[in-house]
Amino acid sequence: MMGSSKPDILWSPHHADRYVICDSELSLYRIGAVGTSEAKAGALLLSEETAATLLAINSDTPYMKCVAWYPKHEPECLLAVGQANGRVVLTSLGQSHNSKCKELVGKEFVPKHARQCNTLAWNPVDSNWLAAGLDKHRADFSVLIWDISSKYSPEAVPAEKLRLSGDADSGMVVTKPLYELGQNDACLSLCWLPRDHQKLLLAGMHRNLAIFDLRNTSQKTFVNTKAIQGVTVDPYFQDRVASFFEGQVAIWDLRRFEKPVFTLTEQPKPLTKVAWCPTRMGLLATLTRDSNVIRLYDMQHAPTPIGDETEPTIIERGVQPCSENVISSFAWHPSTQNRMVVVSPNRAMSDFTVFERISLAWSSTTSLMWACGRHLYECTEESTGGGAAEKDIATKMRERAQSRYGHDTVQLWRNHLLAGGTDPQLRSLWIVPCLPLYGLETVALSKGQEAELEVAEMKMLRFSLGVTRMDKIRNEQIRGTVKQYTEDLEQRQQGSKQSLIYSGIKNIIKSSSGTTESRRCWKGSDRPTDVAQYHSEERSLALQLCGWISCGPDVDVEPFLKSLEQEGEWERAASVALFNLDIRHAIQILNKGASAEKGDLNLNVVAMALSGYTDEKTSLWREMCSSLRLQLKKPYLCVMFAFLTSEPGSYDAVLYESRVAVRDRVAFACMFLNDNQLPRYIDKLTNEMKEAGNLEGILLTGLTKDGVDLMESYVDRTGDVQTASFCMLRGSTPEVVKDPRVQCWIENYRNLLDAWRFWHKRAEFDIHRSKLDPSSKPLAQVFVSCNFCGKSISFSCSAMPHQGRGFSQYGVSGSPTKSKVTSCPGCRKPLPRCALCLMNMGTPVSACTGTGKSDEKVDLPRDKKLAQFNNWFTWCHNCRHGGHAGHMLSWFRDHSECPVSACTCKCMQLDTTGNLQPSDNV
């Protein structure tokens, strides 16, 4: 319904580019893209992309109250107009040459008593039927259904009615309706219900909603309510109807018509229009008086109500098609998704598209997808021109988990290779001595702790083998030595009352004492040097931890230099040789690196510069090296000249070169800083590593509380909970493992493995965790209970001291006696029988009479020593039949139905989780 001052808008049901504006006259517009032939000069701009062109105007129908467009293609542009006097007039917009249209245009349908026509509705199936809703009259019906094909009868119309109609000459007047409904009542809204061949009519009467069945007009279904205006059917859900009263919208389910399914939030102003979106399921638009906002209610995901208490969830939002003008009316586009045209009281129009809410889904495998309307989009990673893009940490952790990263407990140094071998921090974590590399559980050293020092020395031997690329060692004698030391270490630890945990170089240096100072000559030269070096047992141990020297009384850096040369780290090897005051060896290494395959020829120039070294303070060589060393791009070459040009005891240019590995800077500090300078430098460097989350700092902190702080910074920066979990589990004390941060990393990694469907790997991780942290072993969550008393059979057995533990009484623990308990230990009632061997559960499979194949024993392969699976209890959750697991598996290899007679259950096919394949097996 519309007023004379507020225009309404109506889309053509068969032309997607045409609509009508109705107020005091009918105006037909065609909408098209801006700049096309359809949008001619003078067209009204509706949006940045569309414009409307006026095609026709019809001013022949005064006192217009409501309009309905004929639903069929022919005749084209036929409209029914309801007037203030109750008449319904057929009119047309456009030049239609259809003979049927010419016969219908101008036809009038006149009620017995004049009163306002409030609403019109064409029957979408039988298009000759037109329903009209009128105001109340005590002697007349308010719902009239006209047949537009009926013959007119001008002789039956009184003369005064013809004069009122203003069309006395035409005589095209019909006064006999096809159906008359709703006596002595008012009808404010109408709609045809799609069910039952369009014979049902829903009418909003004065105080109730009524459903009229035209097959039996004497009966009607009605419900008392005030929400009787604007009744409209959801085009995607034929049993859902919306109506409104003042500022409240009621949603009805015709299958439960006693009361509304739910009521939408009441608006502060009265509503003027509600309309379902024809292209989107469950989207309802509402408009209030004098408002520039259209409220949208998304009921797409609302469940079908089952009980009285069920109330679906509605997602509400508002859209503002035009920010300045008040909206008089709106209309959804019949075919373009979420598109509408709005009109203001001054006939200003706007073309507007309601953008869908974006539903984002990010899978555990880092696939990103989002849905917008009817479209589904997937985000794919594309490498840029500069090379492959950096992988997300979740992708990296997933790939590492597939390669069993962190699970190698024999050769822990291999873990950085399982992680790809390209991350220098992971290399330092798994290759660098202190931590998990070889299970370094020790080294809190101080004077008087000789036993711990022996353990540390054994560990250092194992480490020295690791840093020289242990994967290339083939000497069985060395392998035997390492094995023997490992066994000795394990025996010592078993006899120790307190586990020994690596506490980091920081704590080792704090306990340093008995430091001696020496001034050595350059190797291969008799010329003395003024560089002071410092020695102590703790400093030697720190050098061993840094990998510079091996265990033993002789301090020999040669094996370390050879390993660096094998890996092609020529600059680093030369700098280590120089720091050990062997300048001739450093020059030889640089020359060798320049002549090597893919070597840098500039190393010869550096070697030549080194050969001119002099310790004179005012020499030209020292002056030039001091000024030009900063131009060197390679850090180890830079620190070599910084060392040669520094004043004794002042080596900041070497110690604070961030591009140099932490272990090399720490080793240098242990050699050249005195007892006052060394702890301060180690503390400062440790704090820097903790703030940056640099895993190389584990060398300094160890797996103590400082190590957890450092690891926390690393996880915050990278999100790598995988490395943090394995690292802390491997070498930390129980107190450190119980830290809430460590437990959070572990649980998050377990959840990640479950999300990736790596259930086998998560189980391996739990086993690995329980071995390293016995307190984390979870309690049993699933157990077999008695059908009679409900007690756990296994727990009851374990509580009986004269019997074994767990399932050993049922022959499922692998015990040689295979004792039988065929009744519940709690209530002594018998256990269920196996459906195949008919023996009570608890009887070992080997003692059963078999499954019909001459006492065949079912042997399942076992990779590990677990409980004998053949004897486990198993049953179908559907039919409750079961028996020994071995018998059931043997049966279902050849059968699909339950082995119990007369039971047709497809037990094995119902096991959806059994058919679900883990991702790590794909």
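How many bridges join strand 28 to strand 29, and in which sense do the two strands run? In this predicted model, strand 28 (residues 339-343) is joined to strand 29 by 5 bridges, and the two run antiparallel. Within this pairing, Val 343 has Met 349 of strand 29 as its bridge partner. Both strands belong to an open sheet of 3 strands, ordered 27-28-29 and paired in the antiparallel sense. Its edges are formed by strand 27 (329-332) and strand 29 (349-353), each of which pairs on one side only. From one strand to the next, the twist averages 20°.

A further open sheet consists of 4 strands in the order 15-16-17-18, again with antiparallel pairing. Strand 15 and strand 18 (220-224) are the edge strands, each pairing on one side only. The twist in this sheet averages 15° from one strand to the next. Strand 17 (residues 208-213) pairs with strand 18 in the antiparallel sense over 5 bridges, and Ile 211 has Thr 221 in strand 18 as its bridge partner.

The loop between strand 14 (179-183) and strand 15 (189-193) contains Cys 187. Cys 187 has a relative accessible area of 0% and is therefore buried. Apart from residues up to four places away in sequence, Cys 187 touches Asn 118, Thr 119, Gly 133, Leu 134, Ser 142, Val 143, Ala 203, Gly 204 and Met 205. A separation of 9.9 Å is found between the C-alpha atoms of Cys 187 and Ala 210, which are 23 residues apart along the chain.

Ile 9 has Ile 21 in strand 2 as its bridge partner. Strand 2 and strand 3 run antiparallel and are joined by 5 bridges, with Val 20 standing opposite Leu 28 in strand 3.

Strand 2 is mostly covered, 5 of its 5 residues being buried. In a regular strand, side chains alternate between the two faces of the sheet. Arg 18, Val 20 and Cys 22 point one way from strand 2, whereas Tyr 19 and Ile 21 point the other way, and all are buried.

Strand 23 (residues 271-276) is likewise largely enclosed by the rest of the structure, because 5 of its 6 residues are buried. Strand 23 pairs with strand 24 (residues 283-288) in the antiparallel sense over 5 bridges, and Val 274 has Thr 286 in strand 24 as its bridge partner. The two strands form a hairpin with 6 residues between them, and Gly 282 in the turn has a positive phi of about 70°.

Two packed helices are described by the angle between their axes and the distance between the axes. Helix 3 (residues 393-402) packs against helix 21 (residues 721-731) at an angle of about 50°, with the axes 9 Å apart. These two helices are therefore oblique to each other. In their contact, Met 397, Arg 400 and Ala 401 in helix 3 meet Val 721, Gln 722 and Thr 723 in helix 21. By class, the contact comprises 3 nonpolar, 2 polar and 1 charged residues. Helix 21 is mostly covered, with 11 of its 11 residues buried, including Phe 726, Cys 727 and Arg 730.

Helix 17 (residues 662-672) is largely enclosed by the rest of the structure, since 11 of its 11 residues are buried. Among them are the charged residues Arg 663, Asp 664 and Arg 665, as well as Val 666. The largest nonpolar core has 98 residues, of which Ile 505, Trp 548, Leu 590, Phe 643, Val 666, Met 711 and Trp 745 touch the most other members. Not counting residues up to four places away in sequence, Val 666 touches Ile 505, Cys 546, Ile 682, Leu 685 and Leu 700.

Ser 503 is located in the loop between helix 7 (476-495) and helix 8 (504-510). With a relative accessibility of 11%, Ser 503 counts as buried. The C-alpha atoms of Ser 503 and Ile 698 are separated by 9.4 Å, and these residues are 195 residues apart along the chain.

Methods:
Residues numbered from 1 in each chain as written. Predicted model: local features only at pLDDT ≥ 70, side-chain atom pairs only at ≥ 80, totals over all residues. Heavy atoms only, no water. Pairing = 2+ DSSP bridges. Axes fitted to C-alpha atoms, helices over the stretch in contact; angles between N-to-C directions. Parallel < 35°, antiparallel > 145°, perpendicular 65-115°, else oblique. Contact = heavy atoms within 4.5 Å. Buried < 20%, exposed > 50% of the residue type's maximum accessible area, 1.4 Å probe, protein only. Core = buried A, V, L, I, M, F, W, Y, C linked by side-chain atoms within 4.5 Å.
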